[in-house]
Amino acid sequence: MTSPSDFPAILALDLGSRTGWALRGATGAIASGTQEFRPGRFEGAGMAFLRFERFLADASEASGPFGVVVFEEVRAHAGTLAAQVYGGFLAHLTAWCERHAAPYLGVPVATIKRHVTGKGNASKDDVIKAVRARGHAPKDDNEADALALLDWAISNGIGA
């Protein structure tokens, strides 16, 4: 029989304005989804990052302290705005983790894709299909990426 402490919480993130997330809580149950952080029409850009930090705090409160936070490490972006948004979320994520003594680890996109599909250059559709074959029901590629990353972390004993 396992106790809740047998499963350190793991949070997996596909960072962006529409962030995919997957969380294995202390009981071993997995939850996932996507979260929008875009600022509203009359808000400054910083509101997205404040919402993101609130999301991290809420996830940590719901799951217990994170054994590790893993995130998709993107080294090349389609455009300047995507790179700036990713960098902002990454800065806030790592600062939040440092403040809360939560270990964090960036995992290259090709590593995640290779783990879940067998191909480091798999398409978004291939990743979605592979994640569905593992029993999950992602609503989009962001959630599928987070679930694939969580599966990679669990399979490799990350955060154990």
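Analyst: **Charged pairs and their setting**

A salt bridge joins the side chains of Lys-119 and Asp-126, with 3.9 Å between N and O. The model under discussion is predicted. Side chains of opposite charge can pair when their charged atoms come close. Lys-119 counts as partly exposed, because its relative accessibility is 44%. Asp-126 is also partly exposed, with a relative accessible area of 30%.

Is Lys-113 buried or exposed, and what is the nearest side chain of opposite charge? Lys-113 is buried, and that nearest side chain is Asp-145, 6.5 Å away. Lys-113 has no salt bridge, because such a bridge requires the nitrogen and the oxygen to be within 4 Å.

Beyond these residues, a search of the whole structure finds 10 salt bridges. One of them joins the side chains of Glu-53 and Arg-99, at 3.0 Å from N to O. This pair links distant parts of the chain, since Glu-53 is in helix H1 and Arg-99 in helix H2, 46 residues apart. Arg-99 counts as exposed because its relative accessible area is 52%.

Another salt bridge forms between Asp-151 and Arg-134, whose closest N and O atoms are 2.5 Å apart. Here too distant parts of the chain are linked: Asp-151 belongs to helix H5 (residues 141–155), Arg-134 sits in the loop between helix H4 (124–133) and H5, and the two are 17 residues apart. Both partners are partly exposed, Asp-151 at 22% relative accessibility and Arg-134 at 39%. Salt bridges also link Arg-18, Glu-36, Arg-38 and Asp-140 in a network.

The nonpolar residues complete the setting. In soluble globular proteins, nonpolar side chains tend to be buried together. The largest nonpolar core here has 22 residues, and those with the most contacts inside it include Leu-11, Leu-13, Leu-15 and Phe-52. Two or more residues come to this core from each of strand S1 (9–14), strand S2 (18–24), helix H1 (46–63), strand S4 (66–73) and helix H2 (80–99). H1 gives the largest share, six residues. There is also a second, separate core of 21 residues, which includes Ile-10, Ala-144, Ala-148 and Leu-150.

Strand S1 deserves attention at this point. Six of its six residues are buried, so S1 is largely enclosed by the rest of the structure. Ala-9, Leu-11 and Leu-13 point one way from S1, whereas Ile-10, Ala-12 and Asp-14 point the other way. S1 pairs with S4 in the parallel sense over five bridges, and Leu-13 has Phe-71 in S4 as its bridge partner. With S2, S1 pairs in the antiparallel sense, again over five bridges, and Leu-13 stands opposite Trp-21 there. S1 and S2 form a hairpin with three residues between them.

S2 has a further partner. It pairs with strand S3 (residues 30–36) in the antiparallel sense over seven bridges, and Ala-31 in S3 is the bridge partner of Leu-23. The hairpin of S2 and S3 has five residues between the strands, and Gly-28 within that hairpin takes a positive phi near 95°.

Leu-15 touches several of them, among them Phe-52, Phe-71, Tyr-86 and Phe-89. Seven aromatic pairs are found in a search of the whole structure. Ring pairs join Trp-21, Phe-37, Phe-49, Phe-52, Phe-55 and Phe-89 into a cluster.

One backbone detail remains. Ala-101 has a positive phi of about 55° although it is not a glycine. Ala-101 lies in the loop between H2 and strand S5 (104–108), and it counts as exposed because its relative accessible area is 70%.

To return to the charged residues, Lys-119 is paired with Asp-126, while the buried Lys-113 has no salt bridge.

Technical notes: Residues are numbered from 1 along each chain as its sequence is written. This is a predicted model: local features need pLDDT of at least 70, side-chain atom pairs count only at pLDDT 80 or more; totals for chains, interfaces and linings use all residues. Side-chain values use heavy atoms; hydrogens and water are left out. Buried means under 20% relative accessible area, exposed over 50%, partly exposed in between (1.4 Å probe, protein chains only). Lys and Arg count as positive and Asp and Glu as negative; His and the chain ends are not counted. A nonpolar core is a set of buried Ala, Val, Leu, Ile, Met, Phe, Trp, Tyr and Cys residues joined through side-chain atoms within 4.5 Å. Helices (H or I, at least four residues) and strands (E, at least two) are DSSP runs, numbered from the N terminus. Contact means heavy atoms within 4.5 Å. Two strands pair if DSSP finds at least two bridges between them. Rings of Phe, Tyr and Trp (its six-membered ring) pair if their centres lie within 6.5 Å; planes under 30 degrees apart count as stacked, over 60 as edge-to-face and the rest as tilted. Lists of a residue's contacts leave out its neighbours within four places in sequence.
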